[in-house]
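Subject: Structure for you to look at

Hello,

Here is the structure you will be working with. Please open it beside this message and keep it in view while you read.

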Amino acid sequence: MSQLRVLIAGGGTGGHIIPALAVARELTDRYQAEILFVGTARGMEIRLVPDAGFRLRLINVGPLNNVSLSTRIHTLWQLPKSIGECKRLIREFQPGVVFGVGGYASGPAAQAALRMKIPTMVFEPNAMPGLANRLVSKSVQAAAVNFPQAAEWFQNVEVTGIPVRPEFFTLEPPPPAPPHLLIFGGSQGARLFNETLPKIVPALLDAVPGLTILHQSGVRHSAVTEAAYQASGADPARWQVKPFLDDMPARFAAAHLVMARSGASTVAELAAACKPALLIPFAAAADEHQQRNAEAMVQAGAALMLREQELDAPESLLEKIVGLLQSPERLAAMGQAARTQAHPAAAERIADRLASLGTVMTHAIQ
């Protein structure tokens, strides 16, 4: 039988490309598959895919969602050419299956594959599917989703979860005291967090004896955020501002509570790590993805949610954090609820489905 070839299309953000890379590794390790990534020059794939040792081809396609009318018109005008580029790549690479992971390149690649009758599977990490996946949701041969709420959009769908680094599943709980709060807003930080936390940190440290705080601010905002903490007068021995955190499993392990955005990968890591969370969705996320993700975790009993506008009154944030940190029993229950949302074998299950689809195609083209 010919070697399995998988074309993986999409990217843009880490939430799309990092799970895709995990699946690619499973496919190469367990099925000796040949992988080709298709993305755009504007996404994180331009760096992450070559760094991981995989081939990457670029197409020209722009955004359709949450953009101006002129940008949307330009993208629609460009779309037939983008689909044509994907068709040429498919003819050249001859994949047995195409895997769309969401993001700019995912839509044209899936459309091209479907028109060429190549088995096609999509992955949806968010509770509300993105536009690229919604457009092909009823046409693809299979789908993998992270949240049950997304399953209704697709046929032949499986709730596989998001691939998460194995280290997150084996973390030991921190000592009961003193409590530790981890704050992060993604790799770029969250300006809203950076501006709000220094306003409440003195009262927060007074209300929770022994509390320590680690705040990841993002590289661009580190100096300003640290200066705001210093100006607050809060005990500098009990807080720390870092521009970037490079060992997130260890940071999660030390935390009793995590305050974060609710991107799909963050939510999956919280679930794997069994961590209670206070989630503040990014209001500008397309299709309210982050709010839907946070709502799913709240529904599971694993998190509390505050909307961005609620941080206009910092006292609301202070009340929520203090209430959680003063109730270890509640934090423990939330952590156990988070674990119910975890999927330890996500990458393996997705890879198996792709291999099954690709095997059908391999036999068909002999």
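This is a predicted model: local features need pLDDT of at least 70, side-chain atom pairs count only at pLDDT 80 or more; totals for chains, interfaces and linings use all residues.

Residues are numbered from 1 along each chain as its sequence is written, and side-chain values use heavy atoms, with hydrogens and water left out.

Cores

A nonpolar core is a set of buried Ala, Val, Leu, Ile, Met, Phe, Trp, Tyr and Cys residues joined through side-chain atoms within 4.5 Å. Buried means under 20% relative accessible area (1.4 Å probe, protein chains only). The largest such core has 60 residues, and Ile 8, Leu 27, Ile 35, Phe 37, Phe 99 and Leu 182 have the most contacts inside it. Helix α10 (residues 264-273) gives the most to this core, with 7 residues; a helix here is a DSSP run (H or I) of at least four residues, and a strand is a run (E) of at least two, both numbered from the N terminus. Another core, of 32 residues, lies apart from the largest one and includes Val 201 and Ile 213.

Aromatic pairs

There are 4 aromatic pairs in the structure. Rings of Phe, Tyr and Trp (its six-membered ring) pair if their centres lie within 6.5 Å; planes under 30 degrees apart count as stacked, over 60 as edge-to-face and the rest as tilted. The ring centres of Phe 168 and Phe 252 are 5.2 Å apart and their planes are at 75°, so this pair is edge-to-face. Phe 168 is in the loop between β7 (157-159) and β8 (180-184) and Phe 252 is in helix α9, so the pair ties together parts 84 residues apart in sequence. Phe 168 counts as buried, at 0% relative accessibility, and Phe 252 is also buried, at 0%. The rings of Tyr 229 and Trp 239 have centres 5.0 Å apart and planes at 35°, so that pair is tilted.

Ala 253

Ala 253 is in helix α9 (residues 248-254). Pro 173 is 80 residues from Ala 253 in sequence, yet their C-alpha atoms are 6.3 Å apart.

Regards

Key. Buried means under 20% relative accessible area, exposed over 50%, partly exposed in between (1.4 Å probe, protein chains only).
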